[in-house]
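Here are my notebook entries from a look through this structure.

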Amino acid sequence: MMELLPQALTDGILLGGIYITIAIAFSLTYGVMHVIDFAVGEWIMFGAFTGYYLNKWTGLDPFLFLPVIFVLYFGVGYVIQPVIHRVLSGTKGNPFLMGLVFTFGLAIMFRGLALTAFGFYSNSIPSAFSEGSFNLEPLGLTVTIPTVRLVGLGYALAITLILHYLLKKTNFGLGVRALAQHKDAAGLMGVNSKRTGSYVYGIYVGISAMTGVLLGCILSIGAQMGNEYTIFAFFVVVLAGMGYLAGVPWAALLLGLVQSIFMIYFNPSHTLLAVFAILYIILLISPRGLFGKGV
Amino acid sequence: MKFGFVRVLLLIAALFVAIPVHAEQRNFFKIGVITELSGDLVTGGNITKRGYDLWAQEVNAKGGIVIQGKKYPVKLVYADAQSNPAAGAAAAERLITQEKVDFILGPYSSGVTLAVAPVVDKYKIPMITGSAESPLIWKNKFKYTFGTIPPINFTGATSIKTLTEMKPAPKTIAIIGSNDAFSKATAESYKAAAEKAKLKIVKFSIVPSGQDMTPLLSAVRSMKPDIIAFGGHDEEHVKFVKALKQIGYTPKALLMHCGITDKAFIDAVGKDGEQIFGTTCWTGTAKTKCNVLWPNAAAYAAASQKAFNNPGDYTQGGCSAAGIAFQTALQKIGAKPGMDEATRTKLIQALEQIDVQTFYGRVKFATSGEFYHANVGLDPLTIQIQGGQVKTVGPKASVEAPAIYPMKEWKSR
């Protein structure tokens with residue numbers, strides 16, 4: 001069984017790559033807006049269907065449409081954010097809980113809309129990347145790396161690095177970080193919280209929609225697919241520490257590796273039990289996530 | 001204080017006592033339908049809906065069900081089980097106590113059916129599920145629940161037997177099932193059949209529903225099984241085929257069940273769906289003959305194509321056949337809409353006695369044993385996707401085309 005270890009680790013890292021793409025922007029939007037967006041899976045689903053139809057209509061590879069999909073969904077997020085901002089900035093009741101309920105409602109509404117608009121069948125997005133794989137047997141390793149999953153990992157790393165650069169090296173990022181730390185103080189320093197929040201939410205929705213295209217190429221798509229990804233996004237972000245962006249890649253990789261190793265070496269039917277037991281233990285020891293830096 | 005305590009006790013007791021269902025006078029049959037119209041199993045739920053709708057549409061187009069010379073139309077009242085057994089049970093309560101339906105057409109999934117069956121037993125309302133296949137349903141011997149699709153432990157062995165007759169004969173098999181009532185039962189039925197056929201089982205795993213199975217399939221690949229058999233639902237089938245292709249392993253035969261006979265599966269996976277084997281009990285080309293609603297399978301497939309732009313699969317057909325079974329039993333006892341408990345009991349007896357030829361084949365419910373109230377009138381079929389079409393490749397008496405074995409490598413397609 002030990003000869004399977006290199007493949008188990010490879011599969012775990014590639015699976016972790018998928019989880020990074022699902023959770024990274026979700027973490028960013030929580031860090032800035034302090035809203036747990038339960039509609040994250042639905043943004044992924046809408047992006048997946050947009051990629052599916054663009055591919056169907058044009059016959060071009062769905063990866064070519066990623067910039068278009070980002071711009072389109074950035075616009076959607078930019079327009080919707082003020083509505084969420086209004087819910088979150090209310091003075092009566094508990095705005096945080098209202099935000100949760102609002103995004104939960106959005107998710108249900110989006111799911112129903114998708115069912116009506118796209119139908120109930122599962123589908124798949126064809127891509128040139130889905131065809132091949134790299135076999136490392138000539139190097140003496142019993143490892144196969146599917147091209148499309150490797151592209152997914154590359155995409156995850158690229159998104160992580162771009163977000164890191166944006167947050168750490170630009171004035172916009174300085175404003176975002178200031179807003180995440182203290183909204184009122186950031187406002188006094190000239191950060192326009194409404195506009196910055198709209199940009200951040202737009203970026204988050206745009207990235208989530210692009211992730212949908214990737215997932216449609218690797219796995220499958222359907223009107224009800226979102227719920228599953230919302231759970232994983234939430235899991236990764238909690239494990240990383242709520243709003244702690246730098247922890248997301250590590251938490252995602254840990255989740256992928258645990259799943260992969262457990263599936264191969266232990267009882268696969270208890271994979272999710274193992275994953276949530278680990279989350280529980282980590283939160284018990286470090287309630288603010290893996291690195292103790294969450295909100 | 002004491003009086004308050006007594007009232008609470010009475011209230012709790014009331015919750016456990018079935019509210020008697022009073023009959024309503026009406027000139028149409030009011031039929032409750034509980035199925036998965038949202039949630040993870042929405043595809044299957046909507047396929048069952050198509051089957052029930054097509055039956056109702058055809059019955060109403062003919063003026064209704066003829067009872068003692070008078071025609072009574074049918075009206076379907078839907079309740080969404082949300083792919084959740086608890087929601088299914090609550091929906092059954094509502095349909096029975098508030099909508100006062102005459103009888104029920106049952107859910108898509110075995111899990112929801114297992115939750116609804118005790119409710120219909122409690123209220124003594126007959127139900128036929130046109131889809132659920134888990135043997136657990138029939139082992140529980142629910143008096144008021146019937147099913148038109150034979151249980152998977154009745155059908156699954158046929159496909160394994162067909163595969164063992166291939167040349168060169170397969171020697172090893174890996175079996176994987178998703179962790180839900182139906183899929184798990186499918187995997188277990190394949191396991192039992194493989195053991196009987198003396199195939200070496202190199203892997204048997206039940207995995208949580210909806211998971212990415214790539215790591216598990218990587219492990220399976222290292223065991224190089226001749227056959228991989230999978231029990232799951234539609235979306236999982238698409239993921240499964242893609243994962244196998246991504247890791248670059250083509251078994252000699254890939255066997256799956258549920259939904260692969262639907263055109264939508266073939267559309268979703270395209271050329272990768274070619275040569276996949278499946279288990280079913282009906283196809284649109286099955287040689288059936290009857291005189292109720294549709295004369296044969298081809299006529300039903302044509303009607304479905306016209307209504308839904310899809311010829312329908314065995315689940316949809318099973319649901320339409322469930323309607324025909326009720327129709328036949330109602331006519332047999334001359335039951336009119338707004339049935340009382342005594343009539344509903346007679347309906348159960350009539351359902352146990354019917355032996356009817358339909359476009360779906362023979363419908364005959366078992367009245368004892370492990371298949372109690374499941375349809376045992378059908379012969380299971382092994383199918384294979386060839387040229388984008390579903391072809392019957394076994395058993396020998398039903399063969400439409402020779403099986404293609406071993407499967408063509410993914411990369412050479």
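Which residue in S16(B) stands opposite B:Ile383? I found B:Thr392 there.

Before going on, I noted that this is a predicted model, where local features need pLDDT of at least 70, side-chain atom pairs count only at pLDDT 80 or more, and totals for chains, interfaces and linings use all residues. Residues are numbered from 1 along each chain as its sequence is written, while chains are lettered from A and ligands numbered from 1 in the order in which they are written.

**Confidence.** I looked up pLDDT (the predictor's confidence in each residue, from 0 to 100): the mean for chain B is 92, and 94% of its residues reach 70 or more. I marked residues 15-19 of chain B, where the pLDDT is below 50.

**Strands.** I counted 13 helices and 16 strands in chain B; these are DSSP runs numbered from the N terminus (helices H or I, at least four residues; strands E, at least two). S15(B), residues 381-386, has S16(B), residues 389-394, as an antiparallel partner over five bridges. Pairing here takes at least two DSSP bridges between two strands. The two form a hairpin with two residues between them, and B:Gly387 in the turn has a positive phi of about 60°. I also found S12(B), residues 277-280, pairing antiparallel with S15(B) over four bridges, with B:Gly278 opposite B:Ile383.

**Burial.** Five of the six residues of S15(B) are buried, so this strand is largely enclosed by the rest of the structure. My cut-off for buried is 20 or more other C-beta atoms within 10 Å of the residue's own, with C-beta atoms placed from the backbone. Over chain B, 57% of the 413 residues count as buried.

Terms used:
Contact = placed C-beta atoms within 7 Å. Buried ≥ 20, exposed ≤ 12 C-beta atoms within 10 Å, placed from the backbone.
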